[in-house]
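Here are my notes for anyone opening this structure for the first time. Keep the view open next to the text and look up each residue as it comes along.

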Amino acid sequence: MTKHLQTWLILLPALLGCLALPGQSGGDCIREVLELERKIEGHDFAQNPRVVFLNYTMRTTDWEESAAVSEVRIYRQQMKVHFFSKQADVFQDEKEVLLVLHDQRTIIRNSLNAEILNAGIATGLAELRAAFLEAGKVVKCAKDPAQAGVKILEVKASEDFHEDLLIESIRYRYDLAKGKILSTFIFYEEDYKVKKIEIAYNELNFNANYEMSQDARKYVLDKNGKPKGKYAGYAVMDNRK
């Protein structure tokens, strides 16, 4: 597993002079952030027939301060998922997932184990993120002077996470009153090609007006399994079992 992928497993991201929160410890901030994350992860996607929509902007900056920005839109209804970005699109149903890579002009088909995906992965990711925060050192638990009601939590990686992921620290900006995480920053060691990643959460809607077919293939392939529409001419790799 690549370090970049491991990083996203902790996440799917502080201003100097912030004022300390009177009577609040770093542990309090960690509990607040984990509670906000559980708001999403505790959502019962398998049973809820409504479409959940998440929109976020990801900014990746290298050590030469060159930045790449990508906007991501994700729709989910039970086991169905639609993911859209500049780099890739994803269409998933209960049986398979189709990954469309735009630069490579390639469509990759994979079988889907819905039981494992729905039960095991979400729980594992939540536990991994909690382990990172609880094992690390809180270097900031503060109010954001630039925005009323917003708090900042920054956690320096423990030695184990630091060595495995080359992460220096992770910073959260969140609004407890509104019940949402506003943004996540991931700061890397100089040995890694990326300096930092910022994820700004733009919208979370638990009842989006969006229709999703039971068959993910219809969005990408025709009845003969050939790429269609804007994906016409793409190569197809079939990894289904």
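1. A term to start with: a salt bridge here is a side-chain nitrogen of Lys or Arg within 4 Å of a carboxyl oxygen of Asp or Glu. With that in hand, look at Arg240 and Asp238, whose side chains meet in such a bridge at 2.6 Å, N to O. Arg240 is partly exposed, with a relative accessible area of 37%, and Asp238 is partly exposed too, at 42%.

2. Now for the overall picture. Please bear in mind that this is a predicted model. The protein chain has 241 residues, and 44% of them count as buried. Four helices and 13 strands make up its secondary structure.

3. Where do the nonpolar residues gather? In soluble globular proteins, nonpolar side chains tend to be buried together. In this chain, the largest nonpolar core has 32 residues. Phe132, Leu133, Leu153, Tyr172 and Tyr174 are the ones with the most contacts inside that core. Helix H2, residues 26-41, is the biggest giver, with five residues in the core.

4. Tyr172 deserves a click of its own. Leaving aside residues up to four places away in sequence, Tyr172 touches Val33, Glu37, Arg129, Leu133, Lys151, Ile152, Leu153, Ile181, Ser183 and Thr184. Two of those names, Leu133 and Leu153, are also on the list of residues with the most contacts in the largest core.

5. Strand E6 covers 96-101 and strand E7 covers 106-111. They pair in the antiparallel sense over six bridges, and Leu99 has Ile108 in E7 as its bridge partner. Four residues sit between the strands, and in this hairpin Arg105 takes a positive phi near 50°. Arg105 is not a glycine, and it counts as partly exposed because its relative accessibility is 40%.

6. E7 has another partner. Strand E13, residues 235-238, runs parallel to E7 and is joined to it by four bridges. Arg109 has Asp238 in E13 as its bridge partner. That is the Asp238 whose side chain meets Arg240 in point 1.

7. Is Leu166 buried or exposed? Leu166 counts as buried, because its relative accessibility is 15%. Leu166 lies in the loop between helix H4 (159-165) and strand E10 (167-175). Its phi is near 60°, a positive value in a residue other than glycine.

8. Back to charged pairs. The structure holds ten salt bridges. One of them joins the side chains of Glu96 and Arg109, at 2.9 Å from N to O. Glu96 is in strand E6 and Arg109 in strand E7, 13 residues apart. Glu96 and Arg109 are both buried. They also belong to a network of salt bridges that links Glu96, Arg109, Asp215 and Arg217.

9. Compare that with Glu168 and Lys156. Their salt bridge has its closest N and O atoms 2.2 Å apart. Glu168 lies in strand E10 and Lys156 in strand E9 (residues 150-156), so the pair ties together parts that are twelve residues apart in sequence. Glu168 is partly exposed at 24% relative accessibility, and Lys156 is partly exposed at 33%.

10. Last, the rings. The structure holds eleven aromatic pairs. Phe84 and Phe91 have their ring centres 5.6 Å apart and their planes at 80°, so this pair is edge-to-face. Both of these residues, Phe84 and Phe91, are buried. Phe91 also makes an edge-to-face pair with Tyr231, 6.4 Å centre to centre with 75° between the planes.

11. Phe91 is buried at 3% relative accessible area, and Tyr231 is buried at 2%. Ring pairs link Phe53, Tyr75, Phe84, Phe91, Tyr210, Tyr219, Tyr231 and Tyr234 into a cluster.

Conventions. Residues are numbered from 1 along each chain as its sequence is written. This is a predicted model: local features need pLDDT of at least 70, side-chain atom pairs count only at pLDDT 80 or more; totals for chains, interfaces and linings use all residues. Side-chain values use heavy atoms; hydrogens and water are left out. A nonpolar core is a set of buried Ala, Val, Leu, Ile, Met, Phe, Trp, Tyr and Cys residues joined through side-chain atoms within 4.5 Å. Buried means under 20% relative accessible area, exposed over 50%, partly exposed in between (1.4 Å probe, protein chains only). Helices (H or I, at least four residues) and strands (E, at least two) are DSSP runs, numbered from the N terminus. Contact means heavy atoms within 4.5 Å. Two strands pair if DSSP finds at least two bridges between them. Rings of Phe, Tyr and Trp (its six-membered ring) pair if their centres lie within 6.5 Å; planes under 30 degrees apart count as stacked, over 60 as edge-to-face and the rest as tilted.
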